[in-house]
Amino acid sequence: MDTSLIVVGLVNVITLTNISLILGGTLLGLFVGAMPGLSATMALALLLPLTYNMDPASGLSMLAALYVGASYGGSISAILLRTPGTPSAAATVLDGYPLSQQGQAGRALGISLFASFVGGLMSGLALLTAAPLLGVVVLEFGPVEMFAIAVLGITIIGSLAQGSMISGLLSGALGLLVSTVGMDFLTGTPRMTFGQINLFSGIEFVVALIGLFSIPQALRLIEKSNGVAKIASKITDRLIPSFRELKQLMPNILRSGCIGIIVGVIPGTGGDTASWFAYNEAKRFAKDKSRFGKGDIAGVAAPESANNAVVGGALIPTIALGIPGSSSTAILLGALMVQGILPGPNLLTDYGDVTYTLIWAVIFANVGLLLVGLMFTKACVSVTKVPDAFVACTIITLCIIGSFAINNSIFDVGLMLGFGLFGYWLSKAGVSPAPMVIGLILGPVMENSFHQSMLIGNHSFAVFLDSPIAIVLLCIATLSVFQATPLFGWIKTLRRQRSAKTEHQKQL
Amino acid sequence: MNTSRLVLGIFGVGIAVVFYIDSTGYPDQAAQMPLIYSTAVVLLSLGIVAQELLSLRRHRTVAVESRDAHSNDDANGDKSEAPGRLLAVFITFVLAIIYSALINYAGYLLSTVAFMLAALLVTRTVSVAFSLVGIAAVVAVICIVFIAFLGLPIPLLPTFF
């Protein structure tokens with residue numbers, strides 16, 4: 001482990017500019033997360049163009065802080081409005097809202113904040129410890145292994161995405177297909193440009209990202225806007241929990257944090273999966289399960305610790321392998337790409353200073369979350385009341401200016417709106433856009449590593465069978481694809497019928 | 001049955017076929033990955049079409065058996081929304097296209113204010129007072145962040161001035 005890089009990363013973060021950006025990013029994330037209908041991913045996509053003119057350390061620090069802030073911010077409207085601000089706060093509604101109805105909104109928000117802080121800090125420290133260890137392992141990864149990892153990343157993310165597995169895989173495959181638009185780096189052939197010079201350099205990842213995540217969100221907000229004013233519960237009790245209560249909840253918080261880290265490491269799963277998993281485990285370990293769903297504070301602490309712990313967990317495969325663990329980490333990877341830093345195992349070696357800066361930024365963002373949360377949680381209540389239609393128009397305006405800011409080109413704005421319309425269609429079809437975004441990132445990685453592997457193997461596909469690591473990864477990828485087909489279901493039914501027949505014969 | 005999914009499947013086949021045909025004209029190395037990806041998209045799109053057609057068949061069988069008069073759309077995304085709200089969505093999107101086309105001619109300030117006012121009038125769920133104050137705040141923040149701070153070369157005022 002290169003300790004000098006760890007120290008460089010720490011020094012990069014603890015400058016006045018970066019600390020201010022971390023606090024600002026956390027506050028912005030808090031407000032965005034608190035607004036129902038907005039997500040951390042969307043906010044990251046909108047803020048990404050802002051980081052172009054910043055140095056990598058500052059840009060990444062702000063984005064990481066926004067991610068952390070939004071992960072907690074979702075609990076504010078979950079507890080006060082009975083509407084999760086972000087998908088990962090859905091489980092918090094179950095016990096958070098009943099607590100606010102019982103006049104304990106402050107208690108619920110305070111525990112949510114402290115649980116988020118502990119979970120996030122745990123994941124930041126896990127990231128700091130695990131990433132360099134994984135970095136040693138991935139030095140064994142050559143082009144063959146990188147191709148296999150990219151294939152695995154796409155298939156797992158596609159199969160675990162929301163909606164049916166086949167939808168997720170289609171979304172990922174579409175992303176891979178779209179990633180081939182532009183000049184082929186090997187032969188210089190313009191592919192699928194249809195004579196359009198603006199497409200020669202390919203489709204800008206950020207343009208697609210803003211279009212696929214933000215525009216559909218805005219259109220959905222307009223669709224469900226109905227002019228009815230949102231009524232939030234008032235915060236009448238204190239926010240800061242007692243030490244005794246925190247101590248009682250700590251085993252639950254620590255367990256949920258571990259769940260969040262592990263779930264975050266698995267590509268394709270995110271805060272929503274982790275929060276429900278942690279909630280179920282908290283209920284399982286509770287002495288009095290009957291209180292869950294009626295205002296048990298453990299039912300607030302568990303999902304909030306888990307959904308913040310996902311942040312660091314999802315960054316582990318992102319940093320170690322260059323495979324985004326979630327759509328939000330895909331954007332953080334995009335932020336690195338925008339700064340000219342290509343994703344891959346070399347993030348920890350060639351760009352170690354920037355990578356460790358990101359890791360330290362996550363840790364400091366969680367500390368910032370505690371301070372910012374204590375000061376501004378009550379102020380977020382007013383933000384939750386902004387009408388949906390106004391939020392939608394603001395998002396569209398930000399999308400247009402944000403996509404223009406990339407290359408100062410109206411073509412990018414048009415492309416962004418096109419992706420936005422497609423993303424809205426995907427949402428109507430129940431298909432997640434996250435695998436498509438990840439396909440856009442992994443497409444060039446897959447293509448480059450494929451061509452390099454073919455060169456190594458003398459244009460023989462057998463090169464992928466020469467590496468045990470690649471064989472294992474490709475087998476797992478094949479299995480996850482087969483799960484999407486009816487074949488698996490038929491095999492399971494046949495086995496069940498056979499075992500039922502055998503049981504029946506034994507009884508006779 | 002989710003009509004959007006069915007049409008998406010057909011669209012996927014179409015786009016993959018276009019990419020496939022276009023790729024056959026490239027040198028071998030340039031064509032390799034687009035051909036592989038197009039094939040994958042075709043297979044998965046056909047899978048989605050098959051899934052939707054099977055679910056339609058299953059629905060019809062269940063409806064006949066239980067004499068169910070209701071036909072619910074599939075839960076996955078295609079919830080039938082009031083036509084009025086879908087029209088508002090469509091108009092807002094068209095307004096967004098017009099807004100982006102107008103920026104270079106009418107200037108950023110005028111086109112942004114016009115777009116937001118028009119879109120909020122279409123949705124009719126926000127009061128005029130809130131709209132005006134909110135629009136002023138949003139435009140001010142964007143001008144400070146993107147134009148003053150980032151130095152974005154976007155015309156603020158109409159170019160015919």
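Reader: Which residues does A:Gly153 touch, not counting those up to four places away in sequence?
Author: In this predicted model, A:Gly153 touches A:Pro267, A:Ile323, A:Ile438 and A:Leu442. Two residues are in contact if their C-beta atoms, placed from the backbone, lie within 7 Å.

Reader: Where is A:Gly153 found, and is the residue buried or exposed?
Author: A:Gly153 is found in helix H7 of chain A, residues 143-160. Helices (H or I, at least four residues) and strands (E, at least two) are DSSP runs, numbered from the N terminus. A:Gly153 counts as buried because it has 28 C-beta neighbours inside 10 Å. A residue is buried if 20 or more other C-beta atoms lie within 10 Å of its own, exposed if 12 or fewer, and partly exposed in between, with C-beta atoms placed from the backbone.

Reader: How many residues separate A:Gly153 and A:Pro435 in sequence, and what is their C-alpha to C-alpha distance?
Author: They are 282 residues apart in sequence and 9.5 Å apart in space.

Reader: What conventions apply to numbering and confidence?
Author: Residues are numbered from 1 along each chain as its sequence is written, while chains are lettered from A and ligands numbered from 1 in the order in which they are written. As this is a predicted model, local features need pLDDT of at least 70 and side-chain atom pairs count only at pLDDT 80 or more, whereas totals for chains, interfaces and linings use all residues.

Reader: At what angle do H8(A) and H18(A) cross?
Author: Their axes cross at roughly 45 degrees and come within 7 Å. Axes are lines fitted to C-alpha atoms, for helices over the stretch in contact, and angles run from 0 to 180 degrees between N-to-C directions. H8(A) and H18(A) are therefore oblique to each other. Angles under 35 degrees count as roughly parallel, over 145 as roughly antiparallel, 65 to 115 as roughly perpendicular and the rest as oblique.

Reader: Is that crossing left-handed or right-handed?
Author: The crossing of H8(A) and H18(A) is right-handed. The term right-handed applies if the near helix is turned clockwise from the far one by less than a right angle, and left-handed if anticlockwise.

Reader: Which residues make the contact?
Author: From H8(A) come A:Gly168, A:Ser171, A:Gly172, A:Ala173, A:Leu174, A:Gly175, A:Leu176 and A:Val178. H18(A) supplies A:Pro435, A:Met436, A:Val437, A:Ile438, A:Gly439, A:Leu440, A:Gly443 and A:Met446. By class, this contact of H8(A) with H18(A) has 10 nonpolar, six polar and no charged residues. Ala, Val, Leu, Ile, Met, Phe, Trp, Tyr, Cys and Pro count as nonpolar, Asp, Glu, Lys and Arg as charged, and the others, Gly among them, as polar.

Reader: Turning to the interface, how many residues does each chain bring to the contact?
Author: Chain A brings 50 residues and chain B brings 54 residues. On the side of chain A that touches chain B, the elements giving two or more residues are helix H8 (165-178), H9, helix H16 (388-407), helix H17 (410-428) and helix H18 (434-456). H16(A) gives the most, with 10 residues. That side of chain A divides into 29 nonpolar, 16 polar and five charged residues.

Reader: And what is the secondary structure of chain B?
Author: Chain B has five helices and zero strands. Of its 161 residues, 29% are buried. Among contacts in chain B with a separation of 6 or more, 66% join residues 24 or more positions apart.

Reader: Lastly, how many residues of H5(A) are buried?
Author: In H5(A), 11 of its 12 residues are buried, including A:Asp95 and A:Tyr97. The helix covers residues 90-101 and reaches 17 Å from its first C-alpha to its last, close to the 16 Å expected at 1.5 Å a residue. The expected span is 1.5 Å times one less than the number of residues in the helix. Just after H5(A), A:Gly103 takes a positive phi of about 80 degrees.
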